[in-house]
Amino acid sequence: MKLLIVAGPPSGGKTAVIRQIIRNLPEGALPAFLKIDVVHATEDEELAEEFGIPAKKVYSGDLCPDHMGILVLEDALRWAEDLSRNVLIIESAGLCLRCTPYTTGSLGIAVISSISGTNSPFKMAPLLALADVAVVTKTDLVSQAEKEVFRESIRKVVPGIDIVETNAIQGTGLRYLMRRVSGQPEAGAEPVMLRGSPPLGVCTICIGKKEIGWKNHFGVLRPLDMQEPVYRGD
Amino acid sequence: MTHQFTLTIQSGKNRLGETEGFDRIEIRPGDTLSIVGPTGSGKSALINDIETLAQGDTVTGRRILIDGEEPPEAFIREPAFKPIALITQNTRCLADLSVEAFLLMHIRARKPGREDLVDETIELANTFTGEEISPKTRMSGLSGGQTRSLMIADALVIGDTPILLLDEIENAGIFKDRVIRSLQGGDKAVILVTHDPYLALTAGRRIVMRHGGVSSVIEPMGDEQHLIEDLAGIEARLHRIRELLRDGAAFSSGSLSSDSLSSDSLSSDSLSSGSSGVSMAAVERGVSYK
């Protein structure tokens with residue numbers, strides 16, 4: 001199974017990039033798609049209808065969506081395998097951007113829009129730092145100079161990252177991404193592990209308990225006068 | 001950049017799936033080409049194909065070669081090696097930076113070590129625009145014309161590439177004649193998308209677009225010289241009137257009659273002498289408001 005993990009902020013063009021990936025997959029590729037979101041997503045239905053591929057979504061509700069994604073990934077690989085698929089594309093919810101959902105054995109694709117501001121690469125450093133490819137979308141909406149300055153901004157965060165600039169609606173420039181996709185080895189021989197430790201902060205606040213004060217909560221907590229978080233619970 | 005390139009456009013298909021009306025277009029140093037056609041006919045798509053050095057991977061299927069071959073990947077992906085500068089139609093810059101910081105970052109991408117080019121770029125931009133740009137201005141706070149002026153100056157000074165693409169520079173109210181003068185000289189190949197008859201006609205070749213593809217390439221061979229001269233006069237006159245208007249002038253009724261646009265009264269001399277259709281005596285400075 002080839003595993004592609006696509007992450008990035010909302011409205012950055014992740015789905016547009018995924019559409020182009022599916023359209024341009026090498027012959028013999030049988031993709032499946034999983035969208036992870038919080039409360040609303042339609043990408044699974046759209047892609048299933050457009051390409052006739054198995055597609056699924058999972059809502060994380062009160063849980064952190066990246067946390068959710070990590071928990072369901074193993075099941076998702078099995079799901080795709082049971083359907084005799086050989087490419088699994090995961091699309092993240094794209095929320096707090098401090099996590100890196102990429103795993104070993106996957107191609108980590110960070111999708112970031114060129115109109116999101118010159119400093120946005122700095123704000124989502126973890127998302128970019130552990131990715132294999134940064135796909136910069138909507139380059140048709142900015143001047144060439146601005147596109148090149150944005151690229152420079154990404155380079156400052158991750159000097160060696162492979163940057164692919166595209167107008168993902170048209171598919172311009174995506175040949176370099178498709179080359180990476182084609183060359184991506186299968187996942188599964190080795191156990192699939194997270195590349196980085198995401199600051200998930202899963203605790204009773206995350207799942208909806210509203211009382212204030214750490215004494216009312218369980219999980220990873222932090223009292224005012226303590227430098228490091230503590231764990232409270234079983 | 002000292003190295004010169006020959007750029008070749010290999011034909012693709014238009015929106016109807018028909019092969020374009022040319023086999024290949026060769027562009028050499030010093031050449032000027034204009035791209036004309038109705039809106040939506042594929043003009044911007046053509047220069048975008050050139051800018052991204054398309055290799056059959058865009059909707060048109062065109063291929064762009066340099067010196068007859070597929071360009072090395074660095075030409076396409078690394079700004080420092082890219083021989084092409086494109087000035088797009090964008091009149092807004094979204095970068096959250098001062099003009100100075102923006103230019104410094106662009107220099108780092110294009111010409112590392114040449115931080116001295118910041119001042120030169122801003123100075124040149126200020127010759128194209130009415131209201132001055134200062135180094136501390138936010139990029140996002142520049143007007144449409146200022147943004148365009150700065151992007152043109154950036155392409156000329158920081159880009160300084162042998163191939164220059166311009167998408168409708170006549171928009172946004174900048175001094176296009178000064179822009180054109182800055183483009184001339186040197187061995188740059190200049191390709192411009194335009195709706196401006198004078199700019200279109202003065203280019204060495206004219207690419208005509210239709211249905212998303214090139215329908216023909218016209219090489220005038222001097223046949224259009226008379227028309228160009230005629231238009232030069234009209235241009236000069238329009239320029240003069242435009243600048244007066246922008247300066248707050250008002251004109252008396254009937255002073256802009258249609259024969260005032262005839263070619264004999266249209267050199268810039270005749271304009272300034274006041275012998276043309278617009279009576280300069282009729283120009284009132286400072287429109288009064290109550």
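A crossing of two helices is right-handed if the near helix is turned clockwise from the far one by less than a right angle. Keep that in mind for the first stop. The model on screen is predicted.

**Stop 1: two helices in chain B**

Select residues 117-128 of chain B, helix α4, and residues 144-159 of chain B, helix α5. Their axes come within 8 Å and cross at roughly 135 degrees. Angles over 145 degrees count as roughly antiparallel, and 65 to 115 as roughly perpendicular. α4(B) and α5(B) are therefore oblique to each other. The crossing of α4(B) and α5(B) is right-handed.

Now show side chains. On α4(B), the contact includes B:Leu117, B:Leu124 and B:Phe128. On α5(B), the contact residues include B:Leu150, B:Ala153 and B:Val157. By kind, the contact residues of the two helices are 10 nonpolar, 2 polar and 2 charged.

**Stop 2: the sheet in chain A**

Move to chain A and colour the strands. The open sheet has 7 strands, with parallel pairing. Read across in this order: β3-β2-β4-β1-β5-β6-β7. Which strands are at the edges? They are β3 (55-59) and β7 (162-165) of chain A, and each pairs on one side only. From one strand to the next, the twist averages 20 degrees.

Zoom in on β6 of chain A, residues 133-137. It runs parallel to β7(A), and 4 bridges join the two. Find A:Val136; opposite stands A:Glu165 in β7(A).

**Stop 3: helices on the sheet**

Select residues 144-157 of chain A, helix α6. This helix packs on the sheet and touches β5, β6 and β7 of chain A. Its direction makes about 155 degrees with that of β7(A).

Finish with helix α1 of chain A, residues 14-23. Helix α1 lies across β1, β2, β4, β5 and β6 of chain A. It runs at about 170 degrees to β4(A).

Definitions and conventions. Residues numbered from 1 in each chain as written. Chains lettered and ligands numbered in written order. Predicted model: local features only at pLDDT ≥ 70, side-chain atom pairs only at ≥ 80, totals over all residues. Heavy atoms only, no water. Pairing = 2+ DSSP bridges. Axes fitted to C-alpha atoms, helices over the stretch in contact; angles between N-to-C directions. Contact = heavy atoms within 4.5 Å. Parallel < 35°, antiparallel > 145°, perpendicular 65-115°, else oblique. Nonpolar A, V, L, I, M, F, W, Y, C, P; charged D, E, K, R; others polar.
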